[in-house]
Amino acid sequence: MDYEQDYIMRMVRDMARMIGKMLLGRENPEYVLPEKEDAYGESDRMYLHLTALADAGEINQAENELSDYLEGGSGSSGELRTALGFYMHINEFSNDFLDEHDYSREEIYQGVEDLSARFGVSGLNIHLPN
(Lines give C-alpha, C1' and ligand atoms only; values in the text may rest on other atoms or scores of the structure.)
Protein backbone atom coordinates (compact mmCIF):
# COMPACT_ATOMS: atom_id res chain seq x y z
CA MET A 1 0.00 0.00 0.00
CA ASP A 2 2.71 2.50 0.91
CA TYR A 3 4.63 1.66 -2.25
CA GLU A 4 1.52 2.33 -4.32
CA GLN A 5 0.94 5.68 -2.60
CA ASP A 6 4.61 6.65 -3.07
CA TYR A 7 4.31 5.75 -6.75
CA ILE A 8 1.26 7.98 -7.15
CA MET A 9 3.04 10.77 -5.28
CA ARG A 10 5.96 10.55 -7.74
CA MET A 11 3.58 10.46 -10.71
CA VAL A 12 1.85 13.63 -9.49
CA ARG A 13 5.21 15.34 -9.10
CA ASP A 14 6.34 14.26 -12.56
CA MET A 15 3.09 15.33 -14.24
CA ALA A 16 3.21 18.72 -12.51
CA ARG A 17 6.81 19.20 -13.63
CA MET A 18 5.90 18.37 -17.24
CA ILE A 19 2.96 20.78 -17.19
CA GLY A 20 5.07 23.49 -15.56
CA LYS A 21 7.84 23.08 -18.09
CA MET A 22 5.50 22.96 -21.09
CA LEU A 23 3.17 25.80 -20.12
CA LEU A 24 5.14 27.96 -17.72
CA GLY A 25 8.69 27.37 -18.92
CA ARG A 26 9.67 26.40 -15.38
CA GLU A 27 11.46 23.26 -14.29
CA ASN A 28 9.98 23.44 -10.80
CA PRO A 29 6.20 23.86 -10.43
CA GLU A 30 6.47 24.72 -6.72
CA TYR A 31 4.66 27.97 -5.97
CA VAL A 32 6.99 30.84 -5.14
CA LEU A 33 5.48 33.89 -3.46
CA PRO A 34 6.90 37.36 -4.04
CA GLU A 35 9.29 38.40 -1.29
CA LYS A 36 7.13 41.33 -0.18
CA GLU A 37 3.52 40.84 0.79
CA ASP A 38 2.48 44.13 -0.82
CA ALA A 39 3.55 42.64 -4.17
CA TYR A 40 1.05 39.75 -3.86
CA GLY A 41 -1.47 39.49 -6.65
CA GLU A 42 -4.79 37.68 -6.86
CA SER A 43 -3.12 34.35 -7.66
CA ASP A 44 -0.80 34.67 -4.67
CA ARG A 45 -3.65 35.43 -2.30
CA MET A 46 -5.69 32.56 -3.70
CA TYR A 47 -2.77 30.15 -3.31
CA LEU A 48 -2.33 31.19 0.33
CA HIS A 49 -6.06 30.84 0.99
CA LEU A 50 -6.26 27.37 -0.59
CA THR A 51 -3.19 26.02 1.16
CA ALA A 52 -4.39 27.38 4.51
CA LEU A 53 -7.70 25.55 4.04
CA ALA A 54 -5.89 22.36 3.07
CA ASP A 55 -3.48 22.65 6.00
CA ALA A 56 -6.51 22.91 8.30
CA GLY A 57 -7.84 19.66 6.84
CA GLU A 58 -10.41 21.30 4.56
CA ILE A 59 -8.88 19.78 1.43
CA ASN A 60 -12.18 19.08 -0.33
CA GLN A 61 -13.38 22.62 0.30
CA ALA A 62 -10.09 24.01 -0.97
CA GLU A 63 -10.31 21.93 -4.14
CA ASN A 64 -13.91 23.07 -4.69
CA GLU A 65 -12.83 26.70 -4.32
CA LEU A 66 -9.95 26.08 -6.72
CA SER A 67 -12.39 24.65 -9.24
CA ASP A 68 -14.63 27.74 -8.91
CA TYR A 69 -11.58 29.99 -9.26
CA LEU A 70 -10.51 28.25 -12.45
CA GLU A 71 -14.06 28.15 -13.86
CA GLY A 72 -14.42 31.90 -13.38
CA GLY A 73 -10.93 32.68 -14.57
CA SER A 74 -9.33 33.51 -17.86
CA GLY A 75 -6.94 30.57 -18.12
CA SER A 76 -3.97 32.73 -17.17
CA SER A 77 -0.54 31.46 -16.22
CA GLY A 78 -1.19 32.80 -12.70
CA GLU A 79 -4.22 30.54 -12.39
CA LEU A 80 -2.19 27.57 -13.63
CA ARG A 81 0.61 28.38 -11.15
CA THR A 82 -1.95 28.57 -8.33
CA ALA A 83 -3.51 25.23 -9.24
CA LEU A 84 -0.20 23.42 -9.78
CA GLY A 85 1.15 24.88 -6.56
CA PHE A 86 -1.93 23.76 -4.66
CA TYR A 87 -1.69 20.19 -5.93
CA MET A 88 2.05 20.06 -5.26
CA HIS A 89 1.37 21.33 -1.73
CA ILE A 90 -1.26 18.73 -0.89
CA ASN A 91 0.79 16.01 -2.56
CA GLU A 92 3.31 16.48 0.26
CA PHE A 93 0.73 15.60 2.91
CA SER A 94 1.17 12.24 4.57
CA ASN A 95 -1.14 9.39 3.61
CA ASP A 96 -2.49 9.44 7.17
CA PHE A 97 -3.36 13.16 6.96
CA LEU A 98 -5.11 12.64 3.63
CA ASP A 99 -7.05 9.66 5.01
CA GLU A 100 -8.05 11.56 8.16
CA HIS A 101 -9.51 14.34 6.01
CA ASP A 102 -11.35 12.12 3.53
CA TYR A 103 -9.03 12.75 0.62
CA SER A 104 -6.85 10.42 -1.41
CA ARG A 105 -3.64 10.54 -3.34
CA GLU A 106 -5.63 9.33 -6.35
CA GLU A 107 -7.76 12.49 -6.11
CA ILE A 108 -4.60 14.58 -6.26
CA TYR A 109 -3.51 12.67 -9.35
CA GLN A 110 -6.95 13.16 -10.92
CA GLY A 111 -6.84 16.88 -10.11
CA VAL A 112 -3.50 17.31 -11.90
CA GLU A 113 -4.73 15.24 -14.82
CA ASP A 114 -7.88 17.39 -15.07
CA LEU A 115 -5.75 20.51 -14.82
CA SER A 116 -3.57 19.36 -17.71
CA ALA A 117 -6.65 18.84 -19.88
CA ARG A 118 -8.09 22.23 -18.86
CA PHE A 119 -4.93 23.96 -20.03
CA GLY A 120 -4.66 21.96 -23.25
CA VAL A 121 -2.00 19.43 -22.38
CA SER A 122 -3.02 15.98 -23.53
CA GLY A 123 -1.33 12.63 -23.55
CA LEU A 124 -0.19 12.71 -19.93
CA ASN A 125 -2.46 9.83 -18.97
CA ILE A 126 -0.31 7.57 -16.87
CA HIS A 127 -2.25 4.61 -15.58
CA LEU A 128 -2.34 4.22 -11.85
CA PRO A 129 -1.87 0.83 -10.24
CA ASN A 130 -5.14 -0.99 -9.62
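Which side chain meets E71 in a salt bridge? I looked this up first in the predicted model. The partner is R118, at 2.8 Å from N to O.

**Entry: the E71 pair**

I checked where the two residues sit. E71 is in helix α3 and R118 is in helix α6. They are 47 residues apart, and the pair links distant parts of the chain. I then looked at exposure. E71 has a relative accessible area of 56%, so I noted E71 as exposed. R118 comes to 40%, so R118 is partly exposed.

**Entry: other salt bridges**

I took the count of salt bridges, and it is four. E92 and R13 form one of them, at 3.6 Å from N to O. This pair also links distant parts of the chain. E92 is in the loop between α4 and α5, R13 is in helix α1, and 79 residues separate them. I noted E92 as partly exposed because its relative accessibility is 43%. R13 is partly exposed too, with a relative accessible area of 21%.

I next looked up D14 and R17. Their side chains meet in a salt bridge of 3.5 Å, N to O. Both are in helix α1, three residues apart, so about one helical turn separates them. A reminder to myself: residues three or four places apart in an α-helix point the same way, because the helix has 3.6 residues a turn. D14 is partly exposed at 35% relative accessibility. R17 is partly exposed as well, at 38%.

M18, M22 and L23 make one of about 270 Å². M22 is in helix α1, which covers residues 2–24. Its relative accessible area is 53%, so M22 counts as exposed.

**Entry: the core**

I then turned to the largest nonpolar core. It has 31 residues. Those with the most contacts inside it are I59, L66, F86, Y87, I90 and L115. The elements giving two or more residues to this core are α1, α2 (42–55), α3, α4 (77–91), α5 (95–100) and α6. Which element gives the most? I found that α4 does, with seven residues.

Setting aside neighbours within four places in sequence, L115 is in contact with L70, L80, A83, L84 and Y87.

How much of α4 is buried? Twelve of its 15 residues are, and the helix is mostly covered. The buried set includes L80, A83, L84, F86, Y87 and I90. G78, E79, T82 and N91 are also among the buried residues of α4. I compared the length of α4 with expectation. At 1.5 Å a residue α4 should span 21 Å, and its end C-alpha atoms are 21 Å apart, so the two agree.

I did the same for α6, residues 105–118. Its 14 residues should span 20 Å, and the end C-alpha atoms are 20 Å apart, so this agrees too. The buried residues of α6 are R105, I108, Y109, G111, V112, E113, L115 and S116. G120 follows α6 and has a positive phi, near 85 degrees.

**Entry: S67 and Q110**

Last, I looked up S67. S67 lies in helix α3, residues 59–71. Its relative accessible area is 33%, so S67 is partly exposed. I also checked its separation from Q110. The two C-alpha atoms are 13 Å apart, and the residues are 43 apart along the chain.

How values were computed. Residues are numbered from 1 along each chain as its sequence is written. This is a predicted model: local features need pLDDT of at least 70, side-chain atom pairs count only at pLDDT 80 or more; totals for chains, interfaces and linings use all residues. Side-chain values use heavy atoms; hydrogens and water are left out. Patches are made of residues with over 30% relative accessible area and no salt bridge: like charges are joined within 9 Å, nonpolar side chains (Val, Leu, Ile, Met, Phe, Trp, Tyr) within 5 Å. Accessible areas come from the Shrake-Rupley method with a 1.4 Å probe; for residues, only the protein chains shown count as cover. Helices (H or I, at least four residues) and strands (E, at least two) are DSSP runs, numbered from the N terminus. Buried means under 20% relative accessible area, exposed over 50%, partly exposed in between (1.4 Å probe, protein chains only). The expected span of a helix is 1.5 Å times one less than its number of residues. A nonpolar core is a set of buried Ala, Val, Leu, Ile, Met, Phe, Trp, Tyr and Cys residues joined through side-chain atoms within 4.5 Å. Contact means heavy atoms within 4.5 Å.
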